[in-house]
Every structure is written in structure tokens, then in C-alpha cells.
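Thanks for coming. I will go through one interface and then one residue, and keep it brief.

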2 protein chains.
Amino acid sequence: MKFIHTADWHLGKLVHGVYMTADQREVLNQFVDVVREEEPDAVVIAGDLYDRSVPPTDAVELLDEILFKINVEAKTPIVAIAGNHDSAERLSFGSSWYKHSQFYLSGKLANCFEPVRINGVNFYLLPYAEPGVVRELLGDDSIHSHHDAMKALIGRIEETINPNEPNVLVGHAFVLGGQTSDSERVLSVGGSGCVGAELFAPFSYTALGHLHSPDAIRHETVKYSGSLLKYSFSEATQNKSISIIEIDQSGNFTHRYRSLTPKHDMRELVGFIDQLLDPQFYEKERTDDYLKITLLDEGALIDPINKLRQVYPNVLHLERKIDVLNLKKKQSFNAIRAEKKSEIELFEQFYTEMTTSAFTSEKKAVMAEMIEKVLKGEAAVK
Amino acid sequence: MKFIHTADWHLGKLVHGVYMTADQREVLNQFVDVVREEEPDAVVIAGDLYDRSVPPTDAVELLDEILFKINVEAKTPIVAIAGNHDSAERLSFGSSWYKHSQFYLSGKLANCFEPVRINGVNFYLLPYAEPGVVRELLGDDSIHSHHDAMKALIGRIEETINPNEPNVLVGHAFVLGGQTSDSERVLSVGGSGCVGAELFAPFSYTALGHLHSPDAIRHETVKYSGSLLKYSFSEATQNKSISIIEIDQSGNFTHRYRSLTPKHDMRELVGFIDQLLDPQFYEKERTDDYLKITLLDEGALIDPINKLRQVYPNVLHLERKIDVLNLKKKQSFNAIRAEKKSEIELFEQFYTEMTTSAFTSEKKAVMAEMIEKVLKGEAAVK
């Protein structure tokens, strides 16, 4: 039995003010091609289909379109759960109708003890839920943390599980040992969001969502698929892929990755502005990637972001690498004030730093007049 | 062939700050009972299933539950369109999956020229769309009003319609001659929102949504079902019902109403407060209805809303009937000022009007001291 494990699509995601929808559409269409090629018995999506409880309408349309291609057109069963970014109620509207075509979408925990059986494999669906919700569902006041909640839920599953069959848990949690990145919303403060990997021992394979790297945990049977795309610069060096699992009737499985090629990679560039704007450098670069650029230049630069965007249209973030030790030696703003330079002297200094042309006496006269007007409280510009 | 025509459910509606969800659940469960009893060949819902594009999650769950009971449990086909309150994109997520069980949900105009055929009747689904959307869809720059848009759409339908079969149009529009109420959102300003009833001549029956009264239009074949519940006090005297249509193969139909009993009626009470609070009066009343109360009393009343709510817990709106002519004879606030009464005299007058106890010299001393402090700008209360 073969299934694809993916998670954390985050449709509707906004990264540094840019909607990722076009990139998501591109890579999801590649995903559909992989499904057609691999012909798995199921596609497992382990939560965070959307980036937020009320996603933008084009994200809603994209999810509808992609799931339709997989489930109806390619006739592939889908097993999906809500993650912490999804609204359980909104996501699961209509899910009763989806079952007839073997699209199993679980928003709320309600039926989590009854597995979905596909081609000899039992899938247990545990959508994301707050510990308080699990406490109420199970009537167990001792549940306070995500670990407690997962332990109690799996305990209940164990009451009826058939250990002689392959059992797969589909969950959305921060499993201990996982490495976080900036685009995963923290589940809880103070470590109580963590869940011990040992809890998943009853399952042949645990298909997790939440952490965005497939390398977030090193465990024999407990795996993250990683997110669909890089969603923050802290993920710039992560591998993004989907997992192809082939599991036999004893629960033994093989595991391999397939990567999808994003329309734009997300990565960091570090250098001096002249170097980055040198055609000899950028001709070898994929200049339309989503970039975080860190400039090593010291001193003032005129409008560096727009200069860079002429070459790299998708600069999302620009930083200056400031040499803190060196900076301390320089004059601070207060130090300059202490010298009691006049306004015109301060402007001359600024002008000289910012341009390569001379601050002529003509220019000086214009500025002096301007400054005088401003100091008198008159309108500087008429 | 028998179908039920309903519209304007407005799930998630908030009336004077009160969510109608419990009332909607009650009456929709009655609706499900009627469906089970009547066993129609289809249920037609002519738009405004939700009250807004992003409805509260309990409204989402309620709609899911009710449609499931009708379509899956009672095995009744559903034909539904988006109204101006619905989000076409959000509402139609998953609609591709619903068709297999004959649940036809149309959010966008896309496939409106292809009828849904149920038991010998062709249903043409025209979800609500702005004139600009229709202009773009049809590539017809002459479309500026809702009337133009409807005319063009029906013109296109006429190209392929079979006039020898019964044809039903399902639409959401303000058809000319319709009476508006306060809870219908105005489609357009200046009359351009109106659509002429004559446009619907090609159809045996036109099942409309938008106006909340089944009496909003008097027309042989063009009908509003009216809303599920009264959603504003301007609808207090309207009949609320659902329409049961039986149509033959020539397109001739019979039409009857069935009313549902709301948990709370919405109505107006007018009277003097003492009369309304008299058990002899209210014992005959359904005191938990949603009420707009208009008090006829003159002069000051102490906290009338809370007194009334002890008897009528669901007072949503309280008005005083002010006799304008009489008021003019009375002293206005400015007139009182003109008399140059002192602050303590004004307070004494207020105190005497508001209470039945005497404004003793002791009380007067306390107030005088207080007023003096306030006038001096000191903190009045320590």
C-alpha cells in the first residue's frame, strides 16, 4: 500500500507582505502531477491546509481545485486533518459529502477513535485540538498539556486498535526533538506544547504536520513531511519535499522523498551592494527568487532597496550588517549635537556623505534660506 | 413534480445584538420535518443562506447539519444559489463533491446556461452577481444595471431553452413591484437594482430570493418565498412561510404555503408601562417573543428597560412615543437655561421628577458642597 504524506500547505499565506498563492498554485499543480505518476492509494495531508481560519477567497478556490483534481479526477483517496492554523468548523463544512469519493476530512476530534481503512491500512485522524478541548471530550480533568492530551487520545485508540494490522496516525503537533522555524505558530508557551515521540509507539507510521522541515525530527516511525514551500527565511536552507511511503501488511515501510520545484526559491544573499548589482555576479543568479539581502557596506547608501529591486524584483527583506564594535567608535547622534554644529553644517556633512557632488556655495545659499524659513516657522515649500 | 421553494435563511444573523442561530436551528429542524412529510423531488434555496460572507462558525455548522439531513438522510435533491449576502467563493467550496448526491450549489455564474434537470423539470441557477461581473462574463459592455444583466443572462438561456418542458429559474434579485423591509441589504442606489418581472416570461416558475415577504410581489409565475424568519421589526406583520409547488409537464403549477413556528415571534407592543407590567395584561402574552416596545408615557421613567425585561426578557428595542406638538409647549433645555436657575435648583427639579422622596435640606447641603467642588475643578469624589 502506497501513500503520499504532505502537510503545512498554508494556502493564503502572506510572506513579508507578498501573497504566496501563485507559488502555491504552481507547486500544487506539480504535486497533482506526482500523484498521477505515483498513483498512490491515498494522499495524507497532516494539517494547516490554510494559513488562517478565514483564508482569502483565492486560497479557498485553489484548495477546492487541487483537491478535486486529486480526489475526483485522479480518483485518489484523501485523508486530511485540520491543523492549528485551520478553522476546524469552516474547513470541515461539507465533509460528510466528501466521504463517498473517499475524501476523509477531519476538522474536529469527534470520530477520531474510528479509523479510516484504505487498502488494508488503518488511518487514525487526530486533527489539532487544544488540551482543554480534549479534556472536555474525554472528561479527563488531568489533561493540561498537549502531551497529556495526545497520551489520553492514543490511550483511547489503543483500546480498539488491531496491532496485527498496519496502523498510521495522522496528527498535527510539536513532537519533542523537532526544530522550529519562524513560520510555525507557537502552540503553547513554556514547553507545554511539546509531545513526546514515544507516545506514537502503537503506530507503524506517524504522519505529522506542524514543523516545516522533514528533518525536524529523527525517528524511525514518527515523521514530518515538511511544508509545501519555504514560508520564512529561517527555512531558507531546509529541504522541501513530499514523502512517499510504501507500507506492507506487517506495518514495515519504505520511505522516500520527492521534491517539487517552486516558482521562486526563498533564500538569502549577503554581499556589498556594488557586487550584487554587478552583472557578472547576478547573471548567474535566479534573480526573481524571494530574497533576504544583507548588505555588508558601511556608511550611507542612497535608496538601496530600489536599486536592488531593479535587478532582484522579489527582495522581501533588506538588512545592513552593522559592525557593532566599529560603530561604537563613531560619533553618535548625541555626540554630533554636543559639538553644536549649525543646521547648515549638519546638512553639509549629510550631503557629502550621501552624494558624490560638491556642496557648492550656491547650494549652500539655497539651503541656508530654507533653514531660516523653517526656523522662523514659515512654510518651507510654497 | 413537487418542489419546496425557500430563501433568505440568513444563518449567522444578528438582530439588535442577538444571534438568531438558536431560532434558526429550531425552525430549520421544523423545515426538515416538512421535507420528510412532503417528500418533494427537490428543495430550492434562492440565496442568502448565510447573512454574511464570513459567517460565525456555529452558522457554518448549522447549515452543514441541515443540508446533510435534507440531502443525505432524507435523500432529497437540493438546488441552491448564493445571494448578495453570501460569499460566492466560500459558499461553493466543495460543491463539485455535492453533485453526486444531487445537491447542486451554485456560487458563481459560470455554468448558469446549463440547467439542472430533476424529474423532468429544468432548473436554471442564477446566483447573485453584480452587473459588472455579468458584463465581463458575457463580454457585453452595454450592461450597466441589474435589469440589463438579468436580461442578457436570460437572453443567453433562451438560446438553448426547451419551451416545451417545464423550466424554473432560481434567482436572487429585487424584482420590480417588490416591497422592501429593513433587513434586506440594498442592492443598488437609485433604482438601478430593480429588475423587471417581464424578463422572466420564458419560465414556468421563477423562484426568487432577496425580498423577505412572500407578498412582496403579486405575479402569476414570479414569486418570492420570503425569509425563514422575521429579521427586522419592519417585517413584524409579514407572513413567513415556505412555498410548496407542484408543477406538471406543461409547466402548469399549483402553489401553497406552509408556515413554520418560530421559537420566538418578532413583534411590536405599544402601551403605557404600567399597563405592560400588569399581570392581567401580560399573562395573555407570549412574553418571551422578540419585542419592540413603544411606551406612551410622558415624563421621566426610571430604568424602564430593566423593569420591562423582568417580564419580557427579549425586549430588543425600546422607544418612547413623544407627542411632538405637546413637547413644543414645554420648556426646552435652553429655555430652562434662560431662566438662569442655579445648578442646585436644576438638580432639585431633576430629583423631584425622578424620585418620590423629598429633597431634604440635608440632601441639599450634600449636593451644594458637591457642586461647589466640581465648579472649583476639584475631584468631586475622593
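**The interface between the chains**

Chain B puts 27 residues in contact with 27 residues of chain A, contact meaning heavy atoms within 4.5 Å. This is a predicted model, in which local features need pLDDT of at least 70 and side-chain atom pairs count only at pLDDT 80 or more, while totals for chains, interfaces and linings use all residues. Residues are numbered from 1 along each chain as its sequence is written, chains are lettered from A and ligands numbered from 1 in the order in which they are written, and side-chain values use heavy atoms, with hydrogens and water left out.

Between chain B and chain A there are two salt bridges (a side-chain nitrogen of Lys or Arg within 4 Å of a carboxyl oxygen of Asp or Glu). A salt bridge joins A:Lys108 to B:Glu61, with the closest N and O atoms 2.6 Å apart.

Which elements give two or more residues to the side of chain B that touches chain A? They are helix H2 (57-73), helix H3 (88-91) and helix H4 (95-98) of chain B; helices are DSSP runs of H or I, at least four residues, numbered from the N terminus. H2(B) gives the largest share, nine residues.

**One residue in chain A**

Now A:Glu38, which lies in helix H1 (residues 21-38) of chain A. Is A:Glu38 buried or exposed? A:Glu38 is buried, because its relative accessible area is 10% (buried means under 20%, with a 1.4 Å probe and protein chains only). A:Glu38 touches A:Lys2, A:Ile244, A:Arg256 and A:Arg258, leaving aside residues up to four places away in sequence.

Terms used
Buried means under 20% relative accessible area, exposed over 50%, partly exposed in between (1.4 Å probe, protein chains only).
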